[in-house]
Amino acid sequence: MIFDEVLPAKQGTAFEMAAGQVLRIIDLEGQQVPDLLCIKREDHADKLSPPNTQLLNKTIFLKSGHHLYSTRATRLMTIIEDTVGVHDIISGGCSSYTNEFRYGVRGTASCRGNFEKALAPYGIPETEIPYNFNIFMNVTVAPDGTTAIEESPSKPGDYIDLRADVDVIVAISNCPQLRNPCNGWNPTPLRMILHEPEARIAPTHG
Ligand SMILES: [Zn+2]
């Protein structure tokens, strides 16, 4: 075990993962979305690409066994276990700009703001931060292409395990969105457990 921490509601964080290490993110209270991105530690230009992730997995609905791919088609991380099976790769992350556009409110807390703060110590400026993978986020796509953000089906204790396939910097925003159903209208804490591959942990419940 490398760490076992609670990420408070609305907060962000960043840390390094070595290839092979596994990150478990547990939705403690249910219906909470962690926005996650990863950047190759040795080359910050080689970073998560949601379009390449869709292209190379041939789906917008990622499940266990799918990979997170980079701008240069590097396999950065793999979903190795997942108790929810509902995630989003097409909707990016909330920002103060899109919140102002959608809800007419200026200066809101946002995932983009959390990423900017969390990645500043790594020398990664806001303009270089990629768009992200939305874990447990329920974005429905109608046959005519219309998209909608719905409440997440994740229950208390649901989790996802992600393995780093190369050395990466990982940033997570515990989404602070209050103005749509993304987080069930109530942002809540997440638990993060980072461990070595040989220390695969048993399923967690509740
Ligand atoms: Zn957000």
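Student: What makes strand β4 (residues 34-40) largely enclosed by the rest of the structure?

Tutor: This is a predicted model. In it, six of the seven residues of β4 are buried, so the strand is largely enclosed by the rest of the structure. Buried here requires 20 or more other C-beta atoms within 10 Å of a residue's own.

Student: How do you know that β4 pairs with strand β11 (residues 168-174)?

Tutor: Pairing takes at least two bridges. Seven bridges join β4 to β11, and the two run antiparallel. So by the cut-off of at least two bridges, they pair. As an example, D35 has S173 in β11 as its bridge partner.

Student: What makes β4 and strand β7 (residues 133-134) a pair?

Tutor: Two bridges, in the antiparallel sense. The requirement is at least two, so two bridges are enough. Within this pair, L36 stands opposite F133 in β7.

Student: Which sheet do these strands form, and in what order?

Tutor: An open sheet of four strands, β2-β11-β4-β7, with antiparallel pairing. Its edge strands are β2 and β7, each pairing on one side only. Helix α3 packs on this sheet and touches β2, β4 and β11. The direction of α3 makes about 50° with that of β2.

Student: Why is helix α3 (residues 111-119) called largely enclosed?

Tutor: Seven of its nine residues are buried, so α3 is largely enclosed by the rest of the structure. The buried ones are C111, R112, G113, N114, F115, A118 and L119. They pack against β2 (12-17), β4, α2 (96-103) and β11.

Student: Which residues touch the most other members of the largest nonpolar core?

Tutor: C38 and V170, in a core of 45 residues. Leaving out residues up to four places away in sequence, C38 touches L48, L68, L76, M77, V168, I169 and V170. In general, nonpolar side chains tend to be buried together in soluble globular proteins.

Student: Why is Q31 called buried?

Tutor: Q31 has 22 other C-beta atoms within 10 Å. The cut-off is 20 or more, so the label follows. Q31 lies in the loop between β3 (22-27) and β4.

Student: What is the phi of Q31 near?

Tutor: Phi of Q31 is near 60°, a positive value in a residue other than glycine. Most residues other than glycine have a negative phi.

Student: How do you know that F136 is buried?

Tutor: By the count: F136 has 29 other C-beta atoms within 10 Å. F136 sits in the loop between β7 and β8 (138-141). Its phi is near 65°, again positive in a residue other than glycine.

Student: Which strands form the six-strand open sheet?

Tutor: The order is β1-β12-β3-β10-β6-β5, and the pairing is antiparallel.

Student: What makes β1 (3-7) and β5 (67-69) edge strands?

Tutor: Each has a single partner strand, so one side of each is left without a neighbour in the sheet. Neighbouring strands of this sheet are turned by 20° against each other on average, direction ignored.

Student: How do you know that β1 and strand β12 (residues 190-195) pair?

Tutor: They share five bridges in the antiparallel sense. At least two are required, so five bridges make a pair. D4 stands opposite I193 in β12.

Key: Residues numbered from 1 in each chain as written. Predicted model: local features only at pLDDT ≥ 70, side-chain atom pairs only at ≥ 80, totals over all residues. Core = buried A, V, L, I, M, F, W, Y, C linked by C-beta atoms within 7 Å. Buried ≥ 20, exposed ≤ 12 C-beta atoms within 10 Å, placed from the backbone. Contact = placed C-beta atoms within 7 Å. Axes fitted to C-alpha atoms, helices over the stretch in contact; angles between N-to-C directions.
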